[in-house]
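I set down each item in the order in which I looked it up.

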Amino acid sequence: MKQFFAALLFFVALLACWEWAARNAASSILIPPPTKVWEYLIGAVKDHTLWEATMVTMKRLMVGYFIGLVIGIPLGMCVARFRFFENTVGVLSLGLQTLPSICWVPLAIKWFGLTEQSMLFIVIMGTVWAVILATSHGIKQIPPLYREAAATMGSKGFHLWLRVLAPASLPHIVSGTKQGWAFAWRSLMAAEMCVAILTGYGLGHLLDSGRNLAAMDQVVGVMLIIIFIGFAADKILFSPWERFLRRRWGLT
Amino acid sequence: MSLDSALATPPPAKIRLAGVNKTFTTERGMVHALQDINLEVSDGEFVCFVGPSGCGKSTLLRIVAALERKFTGIAEVNGEMIIEPNRDRTVMFQEHALFPWLDVLGNVMFGLKLKPGLSKSERLGVAHYYLKLVGLEGFERANIHELSGGMKQRVALARSLAPNPRVLLMDEPFAALDAMTREQLYGDLQRIHAARKKTILFVTHNVREAVCLGDRVMIFSPRPGRIRGEFTIDLPRPRDFNDVALAQHASAITTKLKAILAESPETVPTAA
């Protein structure tokens with residue numbers, strides 16, 4: 001409880017500093033006051049622009065991320081299992097993981113035009129390499145003893161993969177998919193700010209249009225929404241798994 | 001199948017090893033791990049393998065488990081060639097090898113779920129029976145990381161007994177435990193062996209442990225691993241680890257073991 005109030009105090013102080021800085025700034029364009037940001041958010045909620053932009057962005061993110069997982073996890077298993085995949089897909093993943101996926105924007109536009117597919121492509125490129133690497137690493141880390149113990153109890157083939165290797169690599173897969181999520185989220189925001197796509201007006205576009213209008217209350221308001229979504233995703237998508245790992249495995 | 005028939009002990013198995021040889025290729029070159037191993041174990045017998053580290057006794061156990069499949073010679077269980085791992089021959093390892101993503105009950109159920117012909121309630125009944133047998137009643141929902149070392153090995157024992165194997169292979173299962181816990185487990189294992197009638201192969205480098213548990217103790221020499229001596233232990237059961245007669249047997253075996261070690265200086269690898 002004491003901890004909670006200390007944290008609360010910190011954030012109230014932060015808000016107060018912001019308000020104070022805004023009042024003393026040369027222009028509200030440099031630092032929009034929190035009250036203006038709040039007004040913008042209320043307005044944007046009322047005229048549905050915020051909701052619509054959020055939906056467009058979330059759809060891209062969820063679909064792209066899901067495709068990234070569906071491609072990445074099996075490929076990661078292959079990389080762990082087959083030398084050929086390790087030497088090809090594994091090396092490719094290591095290389096492409098270092099490439100910020102916003103670098104794909106020019107090619108994506110040439111290939112897919114100003115379409116949803118471009119956006120999805122960029123999200124997938126952000127996700128898939130991290131997921132492949134985390135999955136293969138997770139499987140390679142499994143102590144051979146688990147495999148042997150399972151074998152002596154009659155587990156082999158598909159059962160061995162599903163009931164032993166997959167759960168045994170769970171800690172790595174959770175941290176890998178979480179990292180993949182972070183990459184996907186960052187890539188999408190960058191891509192949305194970079195290119196305007198007519199089929200959908202996402203949060204990144206909303207932020208960028210705030211820049212063009214010099215409406216910094218809009219910019220900061222959208223930034224807050226982006227932070228909030230990232231925070232919520234962490235709590236909803238990953239915290240349950242991490243709690244499970246902590247409780248069952250005793251991992252911290 | 002009823003719970004009673006699921007729990008009914010299948011006849012324990014005979015094991016026959018004849019002319020078993022095993023070599024490993026390492027970076028330093030070839031290592032002759034086992035040389036011409038001949039051993040017959042009768043059904044329900046408790047045989048201990050004793051020897052210094054690197055004498056291949058664990059490797060021999062792994063051959064019987066079919067975890068080690070590249071060797072020459074004959075390895076048979078009940079007249080059938082050992083080809084692949086089978087729940088008729090379960091293994092208990094030195095490190096508990098329990099699955100951290102399952103709770104205690106889930107671990108004991110793992111092998112049972114793979115056993116055909118059992119209903120869910122029969123599986124649960126079997127699992128509870130063995131958890132009770134190893135003294136862990138009430139710990140079904142505990143997580144593995146919450147257990148002490150001794151409790152983990154008890155779960156591992158229950159897990160390897162649950163599929164009702166005909167052979168139980170134990171690879172230094174108590175080596176990492178403290179002395180008090182170990183002595184308790186000697187009592188438990190003898191009780192279980194009497195109740196469940198399994199053929200047991202038990203690897204250890206603790207001579208006294210071998211004498212306390214085994215009907216027979218085989219002595220291994222290192223590099224190449226060979227069986228160099230055999231002692232039949234005819235002390236009455238249950239045996240007490242601190243019994244004087246037991247200590248006398250142990251000291252006789254230790255003397256023999258020391259003599260073998262003294263004549264094989266190659267135990268200390270020469271810088272080559």
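Before turning to the domains, I note that domain bounds come from an automatic or database domain assignment. I also note that this is a predicted model.

**Entry 1: the domains of chain B.** I looked up how chain B is divided. The assignment gives domain 1, made up of 12-88 + 166-173 + 198-266, and domain 2, covering 89-164. I then took the distance between the two: the C-alpha centres of domain 1 and domain 2 of chain B are 26 Å apart.

**Entry 2: where the domains of chain B touch.** I found 13 residues of domain 1 of chain B in contact with 12 residues of domain 2 of chain B. On the domain 1 side, helix 2 (57-65) and strand 7 (167-171) of chain B each supply at least two residues. Which of these elements gives the most to that side? I recorded strand 7 of chain B, with five residues. By residue type, the domain 1 side that touches domain 2 of chain B has eight nonpolar, one polar and four charged residues.

**Entry 3: the contact of chain A with chain B.** I next looked at the two chains together. Chain A brings 16 residues to the contact and chain B brings 20 residues. On the chain A side, helix 7 (144-152), helix 8 (157-168) and helix 11 (216-249) each supply at least two residues. Helix 7 of chain A gives the most to this side, with six residues. I sorted the residues of the chain A side by type and noted nine nonpolar, four polar and three charged.

**Entry 4: helix 6 of chain A.** I looked up the span of this helix. Helix 6 of chain A runs over residues 116-140, and its 25 residues reach 36 Å from the first C-alpha to the last, close to the 36 Å expected at 1.5 Å a residue. Is helix 6 of chain A mostly covered or mostly uncovered? I noted it as mostly covered, with 21 of its 25 residues buried.

**Entry 5: helix 5 against helix 6 in chain A.** I finished with the crossing of these two helices. The axes of helix 5 (residues 105-112) and helix 6 of chain A come within 9 Å and cross at roughly 140°. I recorded the crossing of helix 5 and helix 6 of chain A as right-handed. From helix 5 of chain A, the residues A:V105, A:A108, A:I109 and A:F112 meet A:Q117, A:S118, A:F121 and A:I122 in helix 6 of chain A. I counted the residues of this contact as six nonpolar, two polar and no charged.

Methods. Residues numbered from 1 in each chain as written. Chains lettered and ligands numbered in written order. Predicted model: local features only at pLDDT ≥ 70, side-chain atom pairs only at ≥ 80, totals over all residues. Helix = DSSP H or I, 4+ residues; strand = E, 2+ residues; numbered from the N terminus. Expected span 1.5 Å × (residues − 1). Buried ≥ 20, exposed ≤ 12 C-beta atoms within 10 Å, placed from the backbone. Axes fitted to C-alpha atoms, helices over the stretch in contact; angles between N-to-C directions. Left-handed = near helix turned anticlockwise from the far one by under 90°. Contact = placed C-beta atoms within 7 Å. Nonpolar A, V, L, I, M, F, W, Y, C, P; charged D, E, K, R; others polar.
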